[in-house]
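The sequence and structure are shown first.

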Amino acid sequence: MRVLIAGAGIGGLTAALSLHEAGIDVEIVDAARELRPLGVGINLLPHAVRELTELGLADALAASGVTAEEMVHFDLHGNRVWGEGRGTRLGYRWPQYFVHRGELQMMLLAAVRERLGADTVRTGTVLTGFEDTGSEVRVELRDQATGTTSTATADLLVGADGLHSAVRRQLFPDEGAPLWNGVRLWRGITEADKFLTGHTMAVLGTKHVAKFICYPVSREADDRGRALVNWLGEIQLPDDELTETADWNRGGRLEDVLPYFESWDVDWIDVPGLIRGAPEILEYPMVDRDPLPVWTHGRVTLLGDAAHPMYPLGSNGGSQAVLDARVLAYELHRAESPEQGLAAYDKERREPVNAIVLANRHNPGDAILNLVAERAPDGFDRIEDVLTADELAPLARGYEKITHTNDLNVDSPWSIRRTG
Ligand SMILES: Cc1cc2nc3c(=O)[nH]c(=O)nc-3n(C[C@H](O)[C@H](O)[C@H](O)COP(=O)(O)OP(=O)(O)OC[C@H]3O[C@@H](n4cnc5c(N)ncnc54)[C@H](O)[C@@H]3O)c2cc1C
């Protein structure tokens, strides 16, 4: 079996490694002329770390990222509202990592080139269309440098081509642009002193005013006693309109984001200083797409953001792409025909991931912070005076249940050695 993957992001590269492990031939095309370590921080949840560990990448991950020990919510004055452990602190056998998205992508790319061959990933090659003949898939490709077009054939096509997927567009031509929820995100990475445990994701503020999220992403900086702090400022303005196309790498301006946070005075972290200190600021509208009724069409399927773009909340975008990739290879390995394998992958993954897309539209952490802001706008001494234990409890673990991490320690990883 020969699989052509469109897109060498975290999803496409993990799929290539997993399919190779299953003895399936793979070729990847990516539109980017050169794959560079772009983006800022993302989280890898224990379920994804388990799968990357199965692929032999545990040491590389540990050398790159910072283990996540806790996620804590604060009001905009820095008063602690609620927190809970993360990764092994929650009882999982695998850690959660804060990682640099680009570094993770480069790590996966290096593994693909080493294991599958240097020519496995063709950069500068855009997939522009495809035809499923019933016995194979013919894809149309365009060379970015010369503009020349060519065709290639494969037994299967996997569209791992991200938010603006060409494969998805051909399958669902009437879908239109991604959906925006009115929130703008400014993102950056700034070297600073370590804060709190040195392994904390901190969420401060409220959706009513402005929200700030930060966590460290570099093991190398951590070893030097410093933190490369990935930060994210979230603003929602009434009557704001989106005129641009969502692009993960669009530059942002200091003067657009700093005013919302300039007056913040938190004694354990310098929020305006982090924003001012970033060598580069990126701006991104918070978009997703409605869940799809089907991912697999004959010999063509979708994976990662192409299948289920979601708000970058809840640490699931990259992690679910990794899981998709692992289940895809597992199902193709054991299926009697390629089409059956793709259908089984769709059946296993689509509904659970669609539920996460919908859950991310109602972030339970936001609900907590909004409640606190309404009841104690000027801060508080004791959170017990603001929220009851009953108000906190269901919010705290509800999201995690949807993401199915609870069965992690007992289920087998999605390796081809998995039984059942
Ligand atoms: C440059 C970039 C920066 C990002 N930064 C962040 C970040 O800072 N924080 C965050 O939470 N998420 C970020 N993301 C998104 C995050 O990587 C994904 O949500 C998640 O990892 C799932 O990845 P994916 O492999 O499905 O898609 P992606 O990571 O989006 O990868 C898709 C790949 O497909 C390629 N591609 C697109 N169209 C075509 C085509 N027609 N033909 C061939 N190739 C194509 C793209 O070049 C890209 O390499 C970023 C994505 C990109 C592409």
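The sections below cover the basis of the model, the helix pair and the residue site.

## Basis of the model

The model is predicted: local features need pLDDT of at least 70, side-chain atom pairs count only at pLDDT 80 or more, and totals for chains, interfaces and linings use all residues. Residues are numbered from 1 along each chain as its sequence is written, and side-chain values use heavy atoms, with hydrogens and water left out.

## Packing of α9 and α10

Helix α9 spans residues 317-334 and helix α10 residues 338-359; their axes lie 8 Å apart at an angle of about 155 degrees. The two helices are therefore roughly antiparallel (an angle over 145 degrees). The crossing of α9 past α10 is right-handed.

On the α9 side, the residues in contact (heavy atoms within 4.5 Å) are Gln320, Leu323, Asp324, Val327, Leu328, Glu331 and Leu332. Their partners in α10 include Pro338, Leu342, Tyr345, Arg349 and Ile356. By class, this contact comprises 10 nonpolar, 2 polar and 4 charged residues. Asp, Glu, Lys and Arg count as charged, Ala, Val, Leu, Ile, Met, Phe, Trp, Tyr, Cys and Pro as nonpolar, and the others, Gly among them, as polar.

## The site of Asp288

Asp288 belongs to strand β17, residues 282-288. Its relative accessibility is 0%, so Asp288 counts as buried (under 20%).

Leu179 is 109 residues from Asp288 in sequence, yet their C-alpha atoms are 5.4 Å apart. Leaving aside residues up to four places away in sequence, Asp288 touches Pro178, Leu179, Pro309, Met310, Tyr311, Val357 and Arg361. With Arg361, the Asp288 side chain forms a side-chain polar contact of 2.8 Å; such a contact is a pair of N or O atoms within 3.5 Å, one able to donate a hydrogen and the other to accept it.

Technical notes:
Axes fitted to C-alpha atoms, helices over the stretch in contact; angles between N-to-C directions. Helix = DSSP H or I, 4+ residues; strand = E, 2+ residues; numbered from the N terminus. Parallel < 35°, antiparallel > 145°, perpendicular 65-115°, else oblique. Left-handed = near helix turned anticlockwise from the far one by under 90°. Buried < 20%, exposed > 50% of the residue type's maximum accessible area, 1.4 Å probe, protein only.
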